[in-house]
Amino acid sequence: MKIDLNIQEYKRDSPKFRAEIEAAEQKTSILESKLEKVIKLCNVMIDAGKSYGNANSSFIGGIQDMTSYFTGDPILEKALKRFTESLTEIQSFHTIILDQASRSILSHIKHIMGSDLRLVRESQAKFRRASDDLDSALNKHVSAPKAKAAECEESANQLLVSKSKFTAMSLEYVDKLNMFNEKQRHDILQTMYSYLTAHSTYFHQGFDLFEEDDNFMKEVAGKLVELSDLTTTISKQSEGRRNELLQQLSDTKSDSSKGANDVHSNDDKSTEDGANISGFLFRRTSKGFRPWVRRWFTIENNQLIYTKKLSEGWTIMEEDLRLCAVKPYTDSERRFCFEVKSPTRSHVLQATDEEECLEWISAVQEGVLAAYRDRSRTLSGGDHLDPQSTYTQTSLAPVLDNHKKSSTKRSSHATLLYTLPGNDVCADCDAKAPSWASVNLGITLCIECSGIHRSLGVHVSKVRSITLDSWEPEVLKVMAELGNSTVNGIYEHNYDSTGRESIPRPTSSSSSAIREVFIKAKYVDTLFVKSLVPPEKSDTLKRWAVAKRQRKTLLLTDSVHENADSMIEVSSTSADDTPAPDAAADTAVSELGLPDDDVVLFGSPTNKLIDKIEIDLIPSEDESGSGSDDTRSHTSLEEVDKLDPNILLYKGAEARNIPVLLQALANRADINWKNPSDSNKTSLTKAVESGSLATCEFLLLNSADVEVADDKGQPPLHHATIKGYTAQVCQLLKRGANFKHKDNSQCDALTLAMEAELADIVTLLRVASLRQEMNEADPGSLTDDSFNDIFRDFTHLASNDPEKLKRGANSNSSLKQ
């Protein structure tokens, strides 16, 4: 803004002159603030550019470092070197443009702010002081009295001097303002022109650089097409090889049973060199609470060695396999364990499945034999050793003896299971000699069908090995109450009429696909399940009941099952023939004093065998918990219109009748259903009250919730404590029952046990409390082994010597119901 001075306005120092001065000053202030903002933003831009430059330089350095990795690859090495050179040049151009921004923008604008504007501000200060002096002189001049001529003359002279000074300062200030306004236009334009010229140079340099690299970039593009085609070809070949290997694996039956852990053995090597085997195993450490850790094991140079990482080297577990013996390890809750034992120490190792465990045992035994053979080659003359005779007398015999002793217990379990009707073949494909079992369904399985059962999930089928796994007495009793014939009588009852044409039943030679379709239809979709009421009798039946399992028992003696280690109760009645399993719900009604025409009796004991194992727990406990109604042979009669799977499950628990429980579950009963007519108790609570370990175990195996309470706020653990059933308390605590739960009377299980002076139950509850406190104090500690040992002792005591668990049971009548 240029100020045009009118001589008259200037001489009079008029308001118009002053307004023009103020407008010019205001515009100058606005320009000053904007220039300050530009300087600030330019500094931010330069700093950001420097940061980018540093990061870009580091990135280029990373590419240069990566180039060294491809030394020997002429294509990549040449391309990456050329790329880094180009990027380095571009980075130098970027540094130049930042320097130009600093010189062209910051220097020029700072000069405007520091020199030109400073002169304007100085002239403005002089102008304002002259204006103030003029105002003071005028006031003094007009206020001088007429009577004092000297004072009037002096004030007149001062006024003249002040006007002259103000005139000079006004002319100078106006000139400075006009000059600044004109010069800043030139300076700002020149500044931006210089900056854009620097940008133009930057992009021209980049264009020239890439124009020089144009032929090289085209060459690289061609190489990229070749590499892409090569990668596609290799990918197709790799996929073909993978599909071929998958096809080979699917054609090998033994591979279908492999677990998550692979064991690699070289079967082509001569047995003269021993077994060459390697794979992951779990070993129990000797530190702290002896946790289990996963390590890679192998047998080399007649030594058993392992490692966590190859970079950490190998650790020798046994230096000389000649001194070692190997056998299955049974004294553990963990499955698939075997023991490698030397004169000085013992190692317990765990595989991931039965076949792998047996393979490792065989491999270690072969390794021991190979160690003797290698040693015999180093000896001469009379020192030569006969590897067969020496090993047999010194190592193999103890191994075989120990193996025989340790497997006696499991052999007796297998013998008991195989005596049940239909258990000598697989429940799904009729393959002979099944070595697996589904404990919650009560059936035996071949190894192929067991793999399909595992894939269904543990909520459908819980699979165990008959020969390698540990079997609790109560689980054996569950298995003994069912068996393949009974279970298939439920799950395949309607197969001939509904599924034979569409879903073929697999045989021992069927493929996995056929097995999977049938097993899912049988157990998941329950397409062939026996209905609760036969359609042909739906119009005539009026009432129903559940037959109670009777306890007229005999003990299995050594003459029946040698070395049996538990007291298992069997039926005292026998029959030569075994009726069809599907007759259990509607026969033998007359022998219970019920009319045949309108009553259906579920779970009637028509399947009578000499070695039929009964459901009972502990006679002493059951007698203490039996009421007057327990003398009846069946539950109370109910109307047929009230029959549904849930109430049948509840009545089956009351009657301790496991086949009926299975039939109810097969008909989609809710395992945790509450009976509104009986204080909202669940089937598990009713099973606890019945005093039957096996019935409780069956429900727990099928995912019954141990925390569901009745109307009094009492879960199953409270009822077991009230009844004084030590074995059930132990059973529920092992399944994680909350021993701190309080009922509506604010009593927990420990309070009830202490009031009734139930010493064993108090001990169990306090052990469980101690375990929880130790785990909370030290989450990394492992107290489960000691806890399981104590509870295992109580479990075996319940089966082997139940009389010892009667302590304090007679006082349960004092408990609050």
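**Salt bridges in a predicted model**

Glu-689 and Lys-681 form a salt bridge, with 2.8 Å between the closest N and O atoms. Side chains of opposite charge can pair when their charged atoms come close.

The structure holds 21 salt bridges. Another one joins the side chains of Arg-82 and Asp-213, at 2.9 Å from N to O. Arg-82 belongs to helix α3, which covers residues 74-142, while Asp-213 sits in the loop between α4 (149-212) and α5 (214-250), so the pair ties together parts that are 131 residues apart in sequence. As for accessibility, Arg-82 is partly exposed at 26%, whereas Asp-213 is buried at 5%.

Arg-505 and Glu-492 make a further salt bridge, and their closest N and O atoms are 3.0 Å apart. Both residues lie in loops: Arg-505 in the one between α11 (495-498) and α12 (512-524), Glu-492 in the one between α10 (484-491) and α11, and they are 13 residues apart. Here too the accessibility values can be set side by side. Arg-505 is partly exposed, with a relative accessibility of 22%, and Glu-492 is buried at 14%.

This last pair also belongs to a network. Salt bridges with shared partners connect Glu-492 and Arg-505 with Asp-428, Asp-430 and Lys-522.

Technical notes. Residues are numbered from 1 along each chain as its sequence is written. This is a predicted model: local features need pLDDT of at least 70, side-chain atom pairs count only at pLDDT 80 or more; totals for chains, interfaces and linings use all residues. Side-chain values use heavy atoms; hydrogens and water are left out. A salt bridge is a side-chain nitrogen of Lys or Arg within 4 Å of a carboxyl oxygen of Asp or Glu. Helices (H or I, at least four residues) and strands (E, at least two) are DSSP runs, numbered from the N terminus. Buried means under 20% relative accessible area, exposed over 50%, partly exposed in between (1.4 Å probe, protein chains only).
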